[in-house]
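Dear colleague,

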Amino acid sequence: MAELRDVACDGTPVLDGVRYLRLRVTGEGMEPIEHYEAVDGGITMLQPLSIPFGRGRMLEVRGYTDLPRSGGRVVSLGRSRPFDVPVQLGASSRIAVPFLRVGEYVRPGFSADSCVSLASPRAAHTATLLEDGRVLLAGGFQTGSGGANTTVASAEIFDPVTGTVEPLPSLETRRAFHTATRLPGGKVLLAGGEVASVEGSLPVRSAQVLDVAQATSTGVELKVARSQHAAAVDSSGRVLLVGGVGVGSAVVSEAEGFDSATGQVFSVSTPVSRVGMAAMPVQDGRRIAVVGGSDGTSLRPEVLFFAHEGGSFVPVGEGARLREPRRDGALVPFGGPEQLLYLGGHDSPRNVDEARFLASSELVSSGVPPQVSAGPQVFARSGLCAVALPDGRVMTLGGVRYSSGVLASDSHVELLVPGEEGAAPGLLGLMPLDQPRQQHTCTVLDDGAVLIAGGLNDTGSQRKTLGELVLYTPVPLD
């Protein structure tokens, strides 16, 4: 039996205008099962489903204004987490399906009096999707009434099925502008970052491996103190850490790796002297791409690829170069497993207030040889948040730009759609964010919704650290 859970505390009622629900079950080795139910006001429990045994089953529920053949459109959508069926699943089994309106920003919670927010407002934090579908939010900073930043050590878990937030024990070290990398087995490596102090921002040399399921934490000492760096994990659970800002605000050149199987840090002989770059696995995790950034003096156009060989990460493949060098852009998969989209950013090797914001993007192919080509035009901004949706589209949210001549947080949201059969990608502007934000996180949940957490709303004259959690479910393609 499917249990619909309306986990939004505001916005349009999830069943408003819904006349039919479509239930569709998919999974490995089975033909999709699909049927429609007429909606009876206030329905939350659906008719029993008989689902064949097997792995990776998923139940999707769509709310239609009418039957699709009669022109009905989707206004509500929910998907269960993947589940295995050891035997025939019958009426006594219950499958929870978070159910939300599509195309709306809503806050989690079960009523207007119980909206859920972060326990601690935070910006420059990390958000990590765990294996069980929950999201770990850790670290960051808060801006006080006098404008000074305070680094936080708090961490919390958001559960999209229940729409609740649960605090976790504090981190061993306060940190902001760090990286969080999910490791095989569900652990998370929190690495580096910085701490605000009376002496300015001090880079952190430590890392911490969190096992939320087992409620354990293990400290790790890095080879270099670094903040605002990049990290990515390969298919064997080895993490590459590159660049960033180190002691005395110098750009870090020394790269290093972390092996999750042994818990050990290892040296990487190839220097990567960059800040404002991005890193991401490609080719099913066999390689890691490092794209963009600045060495502090000039922008770096070289696209680097690393693979783990002989006990360390080494550069591999022929070089490729960005057509328009930039830093602080967003890097996401786009249009295939070997292609990345690097979008936005700015053209100054140093401070963003000296920069021209870029409205372009570039497609980076990790094939042999690697190639860089022009991507679609986007709204000009830097430090934007971008995520790849399960259907291949990319959603961009927020960032920083000039507004009335001053640097300010941005509220623009865009949806990029890969072109079919060689056609140019499409770009669609979406409803702006509930409020402008930068240094926030955006995370695609198991059900395809996007969780937007925290961030900084900087108007140029006032700065506010945000504690809101916002959910957005894109309208499905089909």
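The torsion about the S-S bond of Cys-9 and Cys-115 is about 100 degrees, so this disulfide is right-handed. The pair ties together parts that are 106 residues apart in sequence, because Cys-9 lies in the loop between β1 (2–6) and β2 (20–26), while Cys-115 lies in the loop between β8 (105–106) and β9 (126–129). Please bear in mind throughout that this is a predicted model. In it, the sulfur atoms of Cys-9 and Cys-115 are 1.9 Å apart. With a relative accessible area of 9%, Cys-9 is buried, whereas Cys-115, at 25%, is partly exposed.

The structure holds two disulfides, and the other one joins Cys-385 to Cys-442, with an S to S distance of 2.0 Å. Here the torsion about the S-S bond is about -110 degrees, so the disulfide of Cys-385 and Cys-442 is left-handed. Cys-385 belongs to strand β34 (residues 385–388) and Cys-442 to strand β40 (residues 441–444), so this pair ties together parts that are 57 residues apart in sequence. Cys-385 counts as buried at 12% relative accessibility, and Cys-442 counts as buried at 10%. When the bonded cysteines of the chain are numbered in sequence order, the pairing reads 1-2, 3-4.

I turn next to the nonpolar residues. The largest nonpolar core has 18 residues, and those with the most contacts inside it are Leu-4, Leu-21, Leu-46, Leu-59 and Val-61. The elements that give two or more residues to this core are β1, β2, β4 (54–64), β6 (83–85) and β7 (95–101). Two of these elements, β1 and β2, also flank the loop that holds Cys-9.

Finally, there is a sheet to report. Four strands form an open sheet in the order β15-β16-β19-β20, with antiparallel pairing. Its edge strands are β15 (179–182) and β20 (216–221), each of which pairs on one side only. From one strand to the next, the twist averages 20 degrees. Strands of a sheet pair through backbone hydrogen bonds, in either a parallel or an antiparallel sense. Between β15 and strand β16 (residues 188–191), the antiparallel pairing runs over four bridges.

With kind regards

Notes. Residues are numbered from 1 along each chain as its sequence is written. This is a predicted model: local features need pLDDT of at least 70, side-chain atom pairs count only at pLDDT 80 or more; totals for chains, interfaces and linings use all residues. Side-chain values use heavy atoms; hydrogens and water are left out. A disulfide is a pair of cysteine sulfur atoms within 2.5 Å. Buried means under 20% relative accessible area, exposed over 50%, partly exposed in between (1.4 Å probe, protein chains only). A nonpolar core is a set of buried Ala, Val, Leu, Ile, Met, Phe, Trp, Tyr and Cys residues joined through side-chain atoms within 4.5 Å. Two strands pair if DSSP finds at least two bridges between them. Axes are lines fitted to C-alpha atoms, for helices over the stretch in contact, and angles run from 0 to 180 degrees between N-to-C directions.
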